[in-house]
Amino acid sequence: RMFHDDELEESEKFYVGQPRVLLLIYALYNTLVARSEMVCYFVIILNHMISASMITLVLPILIFLWAMLSVPRPSKRFWMTAIVYTEVAIVIKYFFQFGFFPWNKHVDYTKDKPYHPPNIIGIEKKEGYVHYDLVQLLALFFHRSILKCHGLWDEDEKGDSSSNKEDTDDELSLAGGRRDSSASLKSVNLAASVESIHVHFPEQQTAIRRKSSSSISQLSHRSSFSSHRSKRGKYHGIAGCKLCVIKSHCGLCCFRTLQVYVPIRQFFYNLIHPDYSAVTDVYVLMFLADTVDFIIIVFGFWAFGKHSAAADITSSLSEDQVPEAFLVMVLIQFGTMVVDRALYLKKTVMGKVIFQVILVFGIHFWMFFILPGVTERKFSQNTVAQLWYFVKCVYFGLSAYQIRCGYPTRVLGNFLTKSYNYVNLFLFQGFRLVPFLTELRAVMDWVWTDTTLSLSSWICVEDIYAHIFILKCWRESEKRYPQPRGQKKKKVVKYGMGGMIIVLLICIVWFPLLFMSLIKSVAGITNKPLDVSITITLGGYQPIFTMSAQQNQLKSLDPTEFNDFLKSYTGNTAALQFLEGYAREDITRADLEGNSNSLWTISPPSRKKMIQGLLDFDADFTLVISWTIQRYKNMKYLISLFFSRTLEEVYPYYIKAPSDSLAKPIKQLLRGMSPDHGKYSMVKKVQGSTHTFSLVKNTSEEWWVLNQLGKRQKTPQESLELFIFSDKVSPPSLGFLAGYGIMGLYASVVLVIGKFVREFFSGISHSIMFEELPNVDRILKLCTDIFLVRETGELELEEDLYAKLIFLYRSPETMIKWTREKT
C-alpha cells in the first residue's frame, strides 16, 4: 500500500484500544484545541459580564470589531494586544487594592452603587478581583501556544515582510523618521503602508488582504505595484512636503493620527471590497438569537426597569398597564430585527458593517452605563440582563462571520422549505400560524427586493409557493410510506390519528366545565376574610349598631371544634351535602364585640317617632341587618336583610362568601339547627322585660349593646358570633381565565375554536382542483424560477413567468396536464 507506516498503524490501534472515558477526554481536549480561539472569546465575554467595568469593556468591543472581522484569522497583533492589555489590567487592579486609597475605606457602603467611579472603572476593592482575569490570561496563553505549535504565530510578519520587500528597499532613501513610521505601519495587520496616506482609495491597494496561492492574484498584485511605482515621481513631492510639516508639533500629531486612521480605513475597505469571499448565510441563526432575546425581554422585562420587583407581564397587561421598560426594549429589539432583514435582502455589506459598529457601541454603552442607572443596581447583579447580553454577543459573533464571508448572491424562498419532510412541513405551518409574521415578512421582502410585481401579485406568488410546498411534502411522505391499493387503513393510523382528534374535540367542548371545576377544587387556594362588619338599622333611622372584626378576632376552627360542628348536623342531609365542599381551613369564626363602636346620634323628634313605631304592634316595623366581608382581591360583598316585627331566625349565623358574587346566608345550615346554637340567636321577648338589645347612657352619650344567645363559643361578656364559609379562588396565574366564567369561556374560546374546526371540515369540495394534485414538481419549479430570475435581475422574464403561473391556475385543463405523474 502507498504511504504505509507500521508505527502509525500501531499508534492508531493503541488509541482505539483505550477506555471510552479516556477517548472522550482526548476528544474533548482536541475540541478545545481546535476551538481555542472561541474559548478565548468566551472567557473574555464572561469576564466582562461578571466585572462589567470600563477596564474589561475594551476587549469585547475589539473582538466584535477587529478579531472576528479579520480574514482568515485574527492577527498576532490582536492576540498580543489582548495579552498585554490583560496583564496591565491585572497590575492596575492589584495596585488599587491597597487600603490607603480613599474609596477603599467604605467598601461595604459603595460596593452596590452602580455609578460609583471605582465601580465604573473597575478598580474597586473586592474579593477575587483578579480570578477571571487570570483565567482569561491563561486562555490567551493557551491559544498562543496552539498557534506556535502549528506555525501560525509568526505567519503575519512573514507574509508582510515578503510581500512588501520592494517597498522596504525603495523606502531606504527616505528620512529615518519616515522609515520608522513605515516600519511601524507594516507591522500592523490592518494592511496599509505609509504610501497609503497619499494614494486615493480605492484605486491603489498596497497589500493584498487575502493571500492566494494562484498566479493570477500574484500577477494582479505586481501590476498594481508597478502602477504604483510609475506614479512614484508624483508622490515624491508630497513626501518632501510631509517631511517639512512633521518638523512642527502640529504636523507630527496629524501624521500620528493618519498612522492610526489609514490602517483602520484600509481594514474596513478591504472588508467591504474583498478580493474574494466565501459566501455564507447565517441569517437564520441571527434571527433565532434575536428571537431568544425577544423572549427574554417579554418574560424578564422587569429587569430592565427602575424597580426590579418580581412581576410578570400578564399581570401588568391584565391591569391595562404597559411598562415603559417593556415597551422601549420590545420596540428596539423589533426594530433591529427589521433593519437586519432589510440589510439581508439588499445584500449590502457596507450597511451591515455600519450597523454592526453602531450596534456594538450602542448596546455596550446602554447595558453598562445607562441600564445600571435605570435599574439602580450593577450590571453584574442583574441576571436577566446578563443573559440577554450573552445571547446578543452570540448575535454579534454571527453577524461578524456574515460580514467576513459576505452575503449570499441569491435568497430563494424560506429557509424551512429546503427539504420536503414532516419536520419542515410542521415547522413551516407553525411559522405561518404566527399572527402577522407571514404578512410582515412578505411586505418587507417586497419592499427591499427588486421586482416588477405589485404587492398583491407578490403575495399571490408567496401564497402559491407555500401551498405547493405543503402539497410537495405530503406527496413525498406518500412515496416514503406508500399505501397498497385496495388495502384498508391500519388500526394504528385510525386509532392514533382519529382517536387523538376525538379526544381533542371532546376536550375543547367540555374545557370550560372541566377548567372551572378543577381550578378551584385542585389548584384553588383558600381566601380568608380580612374584615367582617355588621350594621343594624331600625326603620330607616340612624344605625343603632355597627361593629367589625379583624385580625385576632377572625379565627379558624381547630380539629375538635370542626368535628363537633359536623356532628351537630347529623341527620341533616342538606347541611351535610353543603359541608362536603368545605374543608376546615375554609371556615372562619368572627367574634364581634357586643358594644357598638359608634355612638347613637338621633334627633329628639326622630327618637320619639321611632318609639311610637315600636310600640305599635299592629304595624310593620323594618329592621335592616347588613354585613360586609372583605377579602384579598375580592373587594366587598354586601347584602341587607329586611324583616318585620318577628325577630326569630333573622341574624345570619352562617354566611357564604363566594369568589364572584354577593355574600348570603346559608339556608341549609339555618334549618334544623339545635336550639342551643342559634335558632333564637337574636331573641326579643315581646311581653318580657329581658332583651338582647340594650341602650347604654353615659351623661350625654348613649350607644347600643347587643348580646347573642346560644353561641358556640361561650363568653361571659356581650358579643356576637358569625361563621364565614369562604369559597376557594383560582391562583393568580390562572385568574385571567377564571374571570371569564363558564359562559365567557364558551363564548370566547370554544366558539372561536369551533369556527376554525368547522372551516377545516367544510368547504373541501371547492378546493379539490387545487388540493388533489398528483405531482407538483413542475409548479414548484416554476415558482423557484420566478425567485431565481428576480435575484439575477431578469425582471422582464419575471413578469412572463408570473403570467404563466396565473394562466396555469386559471386553466383547469392545463393544470391537469402539468400535474400528471411522470411516466
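Tutor: Let us begin with a term: buried means under 20% relative accessible area, exposed means over 50%, and partly exposed lies in between, with a 1.4 Å probe and protein chains only. The model is predicted, so local features need pLDDT of at least 70 and side-chain atom pairs count only at pLDDT 80 or more, while totals for chains, interfaces and linings use all residues. Residues are numbered from 1 along each chain as its sequence is written, and side-chain values use heavy atoms, with hydrogens and water left out.

Student: How many disulfides does the rule give?

Tutor: A disulfide is a pair of cysteine sulfur atoms within 2.5 Å, and by this rule the count is zero.

Student: What makes helix 5 roughly parallel or roughly antiparallel to helix 8?

Tutor: Helices (H or I, at least four residues) and strands (E, at least two) are DSSP runs numbered from the N terminus. Axes are lines fitted to C-alpha atoms, for helices over the stretch in contact, and angles run from 0 to 180 degrees between N-to-C directions. The axes of helix 5 (residues 76–95) and helix 8 (residues 131–149) come within 10 Å and cross at roughly 155 degrees. Angles under 35 degrees count as roughly parallel, over 145 as roughly antiparallel, 65 to 115 as roughly perpendicular, and the rest as oblique. Helix 5 is therefore roughly antiparallel to helix 8.

Student: Which residues are in contact with I363, leaving aside its neighbours within four places in sequence?

Tutor: Contact means heavy atoms within 4.5 Å, and with those neighbours left aside, I363 touches W388, K392 and F396. I363 lies in helix 18 (residues 349–375), and it counts as buried because its relative accessibility is 11%.

Student: What is the phi of A52?

Tutor: Most residues other than glycine have a negative phi. A52 is not a glycine, yet it has a positive phi of about 50 degrees. A52 is also buried, because its relative accessibility is 16%.
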